[in-house]
Amino acid sequence: MKSVRIFSLFLLFFSSVFVYSQTPDKIKGIWANDDRLLFFGGDNEISVILKLYYGWYYDRTSENENFSTLAQRNVNNATSPTPIRLNARYKKLGDEINAWELQIYNDDKLIDSIPFCVIDDNIYLNFLIKDNKHLNDSQTNNSERNEKSTSGFWKGVNSRQTIKTCKGISQKEIICWYVENDCAYRLRFWETTMDFDNQAMAAFTDGDKFFSINKHIDSANSIFTCTNGRSSRIRNVEKYLELPFEVTYDETNTIAAIGKPTFKRASEKYSKEDLIAIVNEANSKMCSIPPSPFPVPDFDFEKHHYVKAEKEMTKTDFHWDLIDDMEQGIQIIQEVRERQKRFGPRGKDSGN
């Protein structure tokens, strides 16, 4: 019996590691925002392409060794001699939802753990997850308990601003919400050194309504609590008529993404070759010449002052004439000019 139990535990451990380490099909491919590209491939591959120089140069900042067999990596002033080698693992945040924690490793060293969700080919890093275990009495006894309802407790996550090749800034607090038909309650959780206790509960009231939720939240390697010490009473609850931000729900109404997506799918193609093609195409473009900072079209060369008339700068003495006009009537400058004549001609006099 003991050997059977050990074997069962081994299978459970092996299966959990397997699920934990594989790239979800939902995120395989190429994603982009204004400052970087992300590539999620098989075998835990993750690559980061930074859009440098205001997006005019794509740097292959992080990639695995097999990328070099597809195309040689350029080494220049914008790049490091060798790319950063990263790999990724994934922890599912719910059985039937497209939400995970992305754990980024450099060799075997954990760099960061980043919660994210996918809704309609968009990646969100700031989102809420509905916890149907916590409903008040009125919700339990009517149809509001169905899974499509937005009423109930929505847990926040320890979000990041973006997905980087180094550790991001962990949140010191996360905001959760308890949603009713006609209002929403804002609940603050802050980082703590308490041990995580999944059985610990906390509660708040509103008139004759009583609401009970988990006291602790475990998110991205940090523990958060909504009460101090052993207390179970939640204080300073703020009440709103509705959620005070833009929300995008997934098809199950179990995930509520906050604000705009952090990344959007950049291509329907999924391979490393497609990523290299995108980088090469972007780097083949030439940056246009910026406009002149001087207001040349508004300068009248005959009268030596600015007017609203378009003329091309054809005289080589344009700047000298402008300087002379500005220096007129300033005695101390005229005295300096007289002393300069004893040392030789000015650039203006020599035609330079």
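Contact here means heavy atoms within 4.5 Å. The legends below describe close-up views of a predicted model.

**Figure 1. Surroundings of phenylalanine 116 and the largest nonpolar core.** Leaving aside residues up to four places away in sequence, phenylalanine 116 touches Ile27, Tyr90, Asn98, Ala99, Trp100, Glu101, Leu102, Ile123, Tyr124, Leu125 and Phe127. Phe116 is also, with Phe40, Leu102 and Ile163, among the residues with the most contacts inside the largest nonpolar core, which has 20 residues. Strands β2, β3 (46-52), β5, β6 (99-106) and β7 (109-119) each contribute at least two residues to this core. The largest share, four residues, is supplied by β7. A second, separate core comprises 16 residues, including Tyr178, Cys183, Phe211 and Phe224.

Figure 2. Eleven aromatic pairs are found in a search of the whole structure. Phenylalanine 39 counts as buried because its relative accessibility is 2%, below the limit of 20%. Phenylalanine 67 is likewise buried, with a relative accessible area of 1%.

**Figure 3. Aromatic pair of tyrosine 178 and phenylalanine 204.** The rings of tyrosine 178 and phenylalanine 204 form an edge-to-face pair, 6.1 Å centre to centre and with 75° between the planes. Tyrosine 178 lies in strand β11 (residues 173-179) and phenylalanine 204 in strand β13 (residues 201-206); the pair therefore ties together parts 26 residues apart in sequence. Tyrosine 178 is buried at 0% relative accessible area, and phenylalanine 204 is buried at 4%. Both belong to a cluster in which ring pairs link Phe153, Tyr178, Tyr185, Phe204 and Phe211.

**Figure 4. Strand β12 and its antiparallel partners.** Strand β12 (residues 184-192) runs antiparallel to β11, and seven bridges join the two. A hairpin connects β11 to β12 through four residues. Isoleucine 174 stands opposite phenylalanine 189 of β12. Three bridges also join β12 to the antiparallel strand β17 (residues 238-240), where glutamate 238 is the bridge partner of arginine 186. Another three bridges join β12 to the antiparallel strand β16 (residues 222-225), where isoleucine 223 is the bridge partner of threonine 192.

**Figure 5. Salt bridge between aspartate 206 and lysine 239.** The structure holds 16 salt bridges. In one of these, the side chains of aspartate 206 and lysine 239 meet at 2.9 Å, N to O. Aspartate 206 lies in strand β13 and lysine 239 in strand β17, 33 residues apart. Aspartate 206 is partly exposed, with a relative accessible area of 24%, whereas lysine 239 is exposed at 52%.

**Figure 6. Salt bridge between glutamate 327 and arginine 337.** The side chains of glutamate 327 and arginine 337 form a salt bridge of 2.4 Å, N to O. Glutamate 327 lies in helix α4 (residues 318-327) and arginine 337 in helix α5 (residues 331-341), so the pair ties together parts ten residues apart in sequence. Both glutamate 327 and arginine 337 are buried. Elsewhere, salt bridges with shared partners join Asp112, Arg160 and Lys167 into one network.

Methods. Residues are numbered from 1 along each chain as its sequence is written. This is a predicted model: local features need pLDDT of at least 70, side-chain atom pairs count only at pLDDT 80 or more; totals for chains, interfaces and linings use all residues. Side-chain values use heavy atoms; hydrogens and water are left out. Rings of Phe, Tyr and Trp (its six-membered ring) pair if their centres lie within 6.5 Å; planes under 30 degrees apart count as stacked, over 60 as edge-to-face and the rest as tilted. Buried means under 20% relative accessible area, exposed over 50%, partly exposed in between (1.4 Å probe, protein chains only). Two strands pair if DSSP finds at least two bridges between them. A nonpolar core is a set of buried Ala, Val, Leu, Ile, Met, Phe, Trp, Tyr and Cys residues joined through side-chain atoms within 4.5 Å. A salt bridge is a side-chain nitrogen of Lys or Arg within 4 Å of a carboxyl oxygen of Asp or Glu.
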